[in-house]
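Here are my notes on the model, in the order I'd look at things. Have the structure open while you read.

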Number of protein chains: 2
Amino acid sequence: MFESAELGNAIDDATYAKEEQKLRSALLDAQYELLESKCFPIIVLINGVDGGGKGETVNVLNEWLDPRHVQNHAFGPPTDEEASRPPMYRFWRALPPAGKTGVLFGNWYTQPIVGRATGKLGEADLVVAIDRVRQFERMLTDEGIVLVKLWFHLSKKSQKKRLRELESNKATRWRVTKEDWQNFKLYDRYASASEIVLRETSTGEAPWVVIEGTDPNYRQLTAGKAIHAAMRARLDGIAAANKVAAAMKKSAGAKGTKLARGAKERATASTSSRVLRTVDTSGILRSLPFTERLSKEKYEKKIPVAQGALNKLSRSAAMKEHSVVIVFEGMDAAGKGGAIRRVTHALDARQYSIIPVAAPTDEERAHPYLWRFWRHVPRHGRFVIYDRSWYGRVLVERVEGFATDTAWTRAYAEINEFEEQLIASGTVVVKFWLAITKDEQLKRFKERERTKFKQYKITPEDWRNRDKWDAYVEAAGDMIDRTSTSVAPWTVVEANDKHLARIKVIDTITSRLSSRFGS
Amino acid sequence: MFESAELGNAIDDATYAKEEQKLRSALLDAQYELLESKCFPIIVLINGVDGGGKGETVNVLNEWLDPRHVQNHAFGPPTDEEASRPPMYRFWRALPPAGKTGVLFGNWYTQPIVGRATGKLGEADLVVAIDRVRQFERMLTDEGIVLVKLWFHLSKKSQKKRLRELESNKATRWRVTKEDWQNFKLYDRYASASEIVLRETSTGEAPWVVIEGTDPNYRQLTAGKAIHAAMRARLDGIAAANKVAAAMKKSAGAKGTKLARGAKERATASTSSRVLRTVDTSGILRSLPFTERLSKEKYEKKIPVAQGALNKLSRSAAMKEHSVVIVFEGMDAAGKGGAIRRVTHALDARQYSIIPVAAPTDEERAHPYLWRFWRHVPRHGRFVIYDRSWYGRVLVERVEGFATDTAWTRAYAEINEFEEQLIASGTVVVKFWLAITKDEQLKRFKERERTKFKQYKITPEDWRNRDKWDAYVEAAGDMIDRTSTSVAPWTVVEANDKHLARIKVIDTITSRLSSRFGS
């Protein structure tokens, strides 16, 4: 969940100054438009790790927006008055009216996360708390409220550095409390609780926006852009719906108005896809160095050892209660097929199947999109290798427009839920993104065209996909960011060097199996 | 949840024969229209108590529909094959493709309910299971599947009678198993587990339809009508959306098509309001006898005793950790004000507030509808009496069309969730429907017009509401049926006799407090 927020995102002052100007005036325009229409309120949740810049962001938002129409609420521990009512009481009181913006600093997410990290809440308690939050937010969004959930993240190293920096400066020392350092000691526990909560509450209608908190320029601009995108998307949706309603009224009178009502109700739906796009996750793939190499000689020594280790685990007694799902994704010609063959060489042929995933059949299209992957879910003892997978929903279907914005934005949560079910039933889920550079792809395409027995592998579609390289990098970045979870992490494999890639794939499977089997 | 299914609903054979003819041809028409459009599949869940007619209903559905396009699935305990995969695997395999109907007899509800009733699942496990089901169904409906959830109910007495009847007949004896009788012994535990599950999964997009299982004619017709209503609502929604799209294309070309897209996506949304209307719940109020009377003399003896008992509880130590919310609903002139005054006479004036609920103010209208009720939620130690309440959403707002169908159908779940939060924080929630007959209302209206100091109480609006009497009875029946839960039951008070009504109100509050306080 936090991949895109550990990339060292930063924006230099000159760029910031320019962008800030634009953003401020766009935000004000949207704010006044909203105020006039009084169609909906906007709620901004400010959450994240200590030192991640939450307070500063709240201050900056109040500078950027017209503060007369912003309601700020900070919630500490409940007062006596509040404690003798349901926990949600104080949050209900803080809901802004239509037309206004509410900034909620410390909110309904604080208690569940702190409670779990400090051990006051058990695992089951957390499920109950998350369930309550999800129902509450569903109600808010059903009622037309725009909910922007901002999470300010720092890696463990950055948080330590940041707290030290604040402490070393007289002017900022007061901001670091004893409690902050106590929380820092629990960093890993906080990270794990936060990951669960964010994963389970990143819904289609109100996804989390995770913002790297290290650089003030970056975090402020990103926060502002997310809020602006959410306001703009809803305002545009309402304007479009009004146009439809007016046109239908003109052409069919009262009957037309009735017919168009759907469009108006619909305008209160998803703003998610535009909000998601405010965080640039493509750095997850663009930041790869591609420098390591592995000689053929060394590879040929290493591969039988790696395969041997995997083979041993595949025959272990623990396999009776486990199954393995391996997912391969990556650009065309990234070497998925070759890597898969090296994996299956380590396995008994009766033990695995490979599912190549292409465009859905008519039968598959007539079912919910996950249906065709459920069909092949392995029973205990078996491996299933998906050559492309359910992630097509948020890759090709998103990029090519086969899935609507609403459909692919809610797919992240649906996919996480699907994989959690697999894992709960004893499946080890291993997911690979084979990453190559654009140059390397070109080299491989040309080689395929030159080599007779490889020509079947290259089609005009491959060249067309290549033209959309950037869109795929963006989609893949979002995918990794939103579906790499502690229970089912993505492994990004630098695959310009095929030798290296194949060894890393096999070793990763071995180590995931080994840690799940406790061997 | 089961109020409308314990009324003794029955349909005579002549009526049945006539209605069945109409229904069958309507069902077939809808089925073929669906088959041709291939726009969505329909899933019918068949659940409920043993002997409630589940199997017979499945048979009848297969007679009524063209069985070539119906897929029947009955699920027993999972096979070895199935048990070594995630529990949802076998249900995914059973999903029908677009255009077809799937009838699932025994499904994802079976294990959670049986598990909880037999004690294999703890309370927290049930929350987790319910959460999973809710996410799964949300995904199905988001994908455009029409989900009809039928629950066949029998009261404890009827179930016993039904099992005995089946056993006494040679031809049907085989249908009663040892397991059925074992389950019957657990009737109360099953009822309580079922109530929780139904309450928590009766969502706006897929509400439960609870059908009384005693009379075959009634249960079959009602099941068929619910399925027909769901198909018809979606088909009509799609047709309307297509009309909008065509009109927009004609008037604005490609731009129009883009604008109209909202309407098409929207057509996959709620079918709930039409499905809900297939069960006639108005019998809940229409079946009241209104025969009892209480003389003024007896009343004057009883009232101080009743008030004394309530007063004592209101001053008990337990109030330090509890609060009380009392809701009064009922037709105009049902005697809400008078009953409230008799309650407050038993309380310390510093301890309670009365919240009269009329049309929302501008400020209230700018917030989600529950906001104005949350404002007044009492702290521990206090009573709040709502003279009309959040139930306005599913009464006046539904009847007058102030709330859209989508909004009021999802309100039942939102209200149940709200009340659960109150209860979890120590609130006792007592809800009264003061029921009067239409004649009695007329009498009271006329009396108000005649008596000078009562004239302010009668307005033209009261007369207008009276014209919609039947619509209100229907809405109130649905409301009681869907929001009377074991934790926050409705008390229907026959209020033609004011004396009787006031005593019953006070006694009910006393007994609810007393059982919550454990005194």
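1. Start with helix α6 (residues 123-142) of chain B. At 1.5 Å a residue, its 20 residues should span 28 Å, and the end C-alpha atoms are 29 Å apart, which agrees. The expected span here is 1.5 Å times one less than the number of residues. Helices (H or I, at least four residues) and strands (E, at least two) are DSSP runs, numbered from the N terminus.

2. Before going on, some housekeeping: this is a predicted model, where local features need pLDDT of at least 70 and side-chain atom pairs count only at pLDDT 80 or more, while totals for chains, interfaces and linings use all residues. Residues are numbered from 1 along each chain as its sequence is written, and chains are lettered from A and ligands numbered from 1 in the order in which they are written.

3. Back to α6(B): which of its residues are buried? They are B:Val127, B:Ala129, B:Asp131, B:Gln135, B:Glu137, B:Arg138, B:Met139 and B:Thr141. (Buried is 20 or more other C-beta atoms within 10 Å of a residue's own, exposed is 12 or fewer, partly exposed is in between, and C-beta atoms are placed from the backbone.) These buried residues pack against α6 (123-142) and α18 (405-424) of chain A, as well as α5 (110-117) and β4 (146-153) of chain B. After the helix comes B:Gly144, with a positive phi near 95°.

4. Now the chain-chain contact. It takes 57 residues from chain A and 57 residues from chain B, counting two residues as in contact if their C-beta atoms, placed from the backbone, lie within 7 Å. On the chain A side, α4 (89-93), α6, α10 (216-266), α16 (371-374) and α18 each supply at least two residues. α10(A) gives the most, with 14 residues. By class, that side has 30 nonpolar, 11 polar and 16 charged residues. (Ala, Val, Leu, Ile, Met, Phe, Trp, Tyr, Cys and Pro count as nonpolar, Asp, Glu, Lys and Arg as charged, and the others, Gly among them, as polar.)

5. How are the copies related? Chain A can be laid on chain B with an RMSD of 0.0 Å by a turn of 180° and a shift of 0.0 Å along the axis. That is the relation of a two-fold axis. The superposition is by least squares on the C-alpha atoms of residues with pLDDT of at least 70 in both. And 100% of the interface residues of chain A are also interface residues in chain B, so the copies meet through the same surface.

6. Within chain A there are domain 1 (3-280) and domain 2 (285-517), with bounds from an automatic or database domain assignment. Their centres, taken over C-alpha atoms, are separated by 33 Å. 15 residues of domain 1 are in contact with 16 residues of domain 2. On the domain 1 side, α9 (187-201) and α11 (272-276) each supply at least two residues.

7. Finally, two backbone spots to check. A:Ala333 isn't a glycine but has a positive phi of about 65°; A:Ala333 sits in the loop between β6 (323-330) and α14 (336-344) of chain A and counts as buried, with 23 C-beta neighbours inside 10 Å. A:Arg388, not a glycine either, has a positive phi of about 70°. A:Arg388 lies in the loop between β8 (383-387) and α17 (396-399) of chain A, and with 17 C-beta neighbours inside 10 Å counts as partly exposed.
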